[in-house]
Amino acid sequence: AGEEQPKECKEAAGAEERRTPRTAVRRAVEQLLAKAPATHVVVTGHSLGGLLCQTCALDLIQSLEAVRRTGVVCLPVAAPPAFSRGFQQRMRALQRKGLLRALHLTAAGDFAPKVSGALLGGVRRVGVHGVTPRLVLNPRDTARPMYFVADGEDDDCDDLGRMPFDMYGHNLYAKDLSGLATTGRPQTVPRDFGPWPVPKRL
């Protein structure tokens, strides 16, 4: 213990670090902000990508001074609860400081943000959500097609657990959130879904 690593080991570790996606993202963001310092950094992802975008947001804020000057917008979509309480508290602290603006997009009937024991071999709770303020999309409820859940109001997504399971809930974002559909790509939204009932006011 405490022995100095051989030079070859250090060089190999450095080369490996330079090849990681994390390093590539850091470098790209750093170069972008060097050219355009007023650029707003937005990270987003769906499902597992929604989980990863939260770790990416935290890593960028902690590792790059240029990012701390502008802050980060983090928009996880349908992310599972897989973080520790410490991670959740750290994300909240960054939001209070104004370094992070975050909103978790979820949908009625989606299983992912409310992971059940049946999906994980009897494990009831694998973690908590890093980003807890949520916008809930519920297009089947024309009276209230979307609503906001504040931080601390329902951090475990219990409201989603009380709704009927919707097999399309986890993937409805692709069409209805963006308003776009990729030509030739299989659609995951039922044909009789109807137009998105966007209210004039939330």
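I started with D158, which at 33% relative accessibility counts as partly exposed. (My scale: buried is under 20% relative accessible area, exposed over 50%, partly exposed in between, with a 1.4 Å probe and protein chains only.)

Ground rules before going on. This is a predicted model, so I take local features only at pLDDT of at least 70 and side-chain atom pairs only at pLDDT 80 or more, while totals for chains, interfaces and linings use all residues. Residues are numbered from 1 along each chain as its sequence is written, and side-chain values use heavy atoms, with hydrogens and water left out.

**Salt bridges**

Back to D158: I found it in a salt bridge with K114, with 2.6 Å between the closest N and O atoms. D158 belongs to helix α6 and K114 to the loop between β4 and β5, so to speak distant parts of the chain, 44 residues apart. My cut-off for a salt bridge is a side-chain nitrogen of Lys or Arg within 4 Å of a carboxyl oxygen of Asp or Glu. Helices (H or I, at least four residues) and strands (E, at least two) are DSSP runs, numbered from the N terminus.

How many salt bridges are there in the whole structure? My search gave 8.

I looked up D59 and R26 next, and their side chains meet in one of these, at 2.8 Å from N to O.

Then R92 and D155: another salt bridge, closest N and O atoms 2.4 Å apart. R92 lies in helix α5 (residues 85-96) and D155 in the loop between β6 (146-149) and α6 (158-161), so the pair ties together parts that are 63 residues apart in sequence. R92 counts as buried at 18% relative accessibility, and D155 does too at 16%.

D110 sits in the loop between β4 (104-107) and β5 (134-137). Its side chain does reach the backbone nitrogen of A112, at 3.1 Å.

**Strands around β5**

I checked which way the β5 side chains point. R134 and V136 go one way, L135 and L137 the other, and all are buried.

For pairing I need at least two DSSP bridges between two strands. β4 and β5 run parallel, joined by 4 bridges, and T106 stands opposite V136 in β5. β5 and β6 run antiparallel, also with 4 bridges, and here L135 stands opposite F148 in β6.

**Rings**

My search of the whole structure turned up 1 aromatic pair. The rings of F83 and F87 have centres 4.0 Å apart and planes at 10 degrees, so I log the pair as stacked. (Rings of Phe, Tyr and Trp, its six-membered ring, pair with centres within 6.5 Å; planes under 30 degrees apart are stacked, over 60 edge-to-face, the rest tilted.) F83 is buried at 8% relative accessible area, and F87 is buried at 14%.

Last entry: the charged end of R144 sits over the ring of Y147, 3.9 Å from its centre. That call needs NZ of Lys or CZ of Arg within 6 Å of the ring centre and within 35 degrees of the ring normal.

How values were computed
Polar contact = N/O pair within 3.5 Å; in protein donor to acceptor, adjacent residues only side chain to side chain.
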